[in-house]
Amino acid sequence: MRNHLTPGGLARLPSRARQWGTAAALAIVLPAEAGRPLSVDDAGVAEQAGGQLEAWWEGGRGTKGSAYLAPAYSPWQGVELGAVLARDFEGHATVQGLQVKWLWNASQEQGCNAASTGGLLHTRHAPGNTLALGLVGTCNTAWGALHANLGALRLPARHWIPAWGFAVERALGPITVHTEAFGQRGSAPTFQTGARWEWAPQWQIDGSLGRQQGRTLLSMGIQRGF
């Protein structure tokens, strides 16, 4: 579920998550994120000494939503470090997080890859932290890519919540489209579709549209690679 220790995935990873406060929702959607606008993570990391900076807004239709800033950097081959700063404009909660992702095998452009993720999330002015652990699998084919996530979140209340996610994406020239589903125990699953457009070298804009238990979810963002 992507570097996005973000809403949606292990979700950002997948980005959803709900009730020891709005901040928890932010946190649980932070576990991992492949890369905007996917919430489900992929088994890939940046090249050594490379990375990206992502900024986006996400929320339900008719709400103020939340803003996110997430840098990521790969100091060693096969390892990526990430961070996230999220602000919920409805509940006025701020969440900070750190994440590490490491590949199990040399990355294959055609074939399957696997990775593990670990993240720690904290809500300002709230006790305790949330620990997020995940397993990520990606299979690349000539048609597109399939992603699967399985993970768990350990809340400040000291109990674990399992989480899952699946996604399919396909490149159509400079635009890549995807569809995904993800969720966690005790909450309804989220179904989402989106697209990203590399409009210039190392620059990307993206957006997504999703549904969860009758609610419409929207997001839009921008990414700069380096």
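Me: How many salt bridges does the structure hold?

Reply: The structure holds four salt bridges. Note that this is a predicted model.

Me: Why is the contact of Arg36 with Asp206 called a salt bridge?

Reply: The closest N and O atoms of Arg36 and Asp206 are 2.8 Å apart. The cut-off is within 4 Å, from a side-chain nitrogen of Lys or Arg to a carboxyl oxygen of Asp or Glu, so the pair counts as a salt bridge.

Me: What makes Arg36 and Asp206 a tie between parts apart in sequence?

Reply: Arg36 lies in the loop between α1 (22-28) and β1 (51-60), and Asp206 lies in strand β11 (residues 203-212). The parts are 170 residues apart in sequence, so the pair ties them together. Both Arg36 and Asp206 are buried.

Me: Why do Asp42 and Lys101 count as a salt bridge?

Reply: Their side chains meet at 3.6 Å, N to O. That is within 4 Å, so the pair qualifies. Asp42 sits in the loop between α1 and β1, and Lys101 in strand β4 (residues 93-103), 59 residues apart.

Me: How do you know whether Asp42 is buried or exposed?

Reply: Asp42 has 17% relative accessibility. Buried means under 20%, so Asp42 counts as buried. Lys101 is at 1%, so Lys101 counts as buried by that cut-off too.

Me: Why is Arg196 called partly exposed?

Reply: Arg196 is at 21% relative accessibility. Buried needs under 20% and exposed needs over 50%, so Arg196 falls in between. Glu169 has a relative accessible area of 9%, so Glu169 is buried.

Me: What links Arg196 and Glu169?

Reply: Their side chains meet in a salt bridge (3.0 Å, N to O). Arg196 lies in strand β10 (residues 190-200) and Glu169 in strand β8 (residues 160-172), so the pair ties together parts that are 27 residues apart in sequence. Elsewhere, salt bridges that share partners join Asp41, Asp42 and Lys101 into one network.

Me: Which residues make up the largest nonpolar core?

Reply: The core has seven residues: Trp56, Tyr68, Ala70, Val84, Ala86, Val95 and Leu121. Elements giving two or more residues to this core are β2 (66-76) and β3 (79-88).

Me: How do you know that β1 and β2 pair?

Reply: Pairing takes at least two bridges, and β1 and β2 have eight, so they pair. The sense is antiparallel. One detail: Ala55 has Leu69 as its bridge partner in β2.

Me: What do the twelve strands close into?

Reply: They close into a barrel, in order from β1 to β12, with antiparallel pairing. Neighbouring strands of this sheet are turned by 20° against each other on average, direction ignored.

How values were computed. Residues numbered from 1 in each chain as written. Predicted model: local features only at pLDDT ≥ 70, side-chain atom pairs only at ≥ 80, totals over all residues. Heavy atoms only, no water. Helix = DSSP H or I, 4+ residues; strand = E, 2+ residues; numbered from the N terminus. Buried < 20%, exposed > 50% of the residue type's maximum accessible area, 1.4 Å probe, protein only. Core = buried A, V, L, I, M, F, W, Y, C linked by side-chain atoms within 4.5 Å. Axes fitted to C-alpha atoms, helices over the stretch in contact; angles between N-to-C directions.
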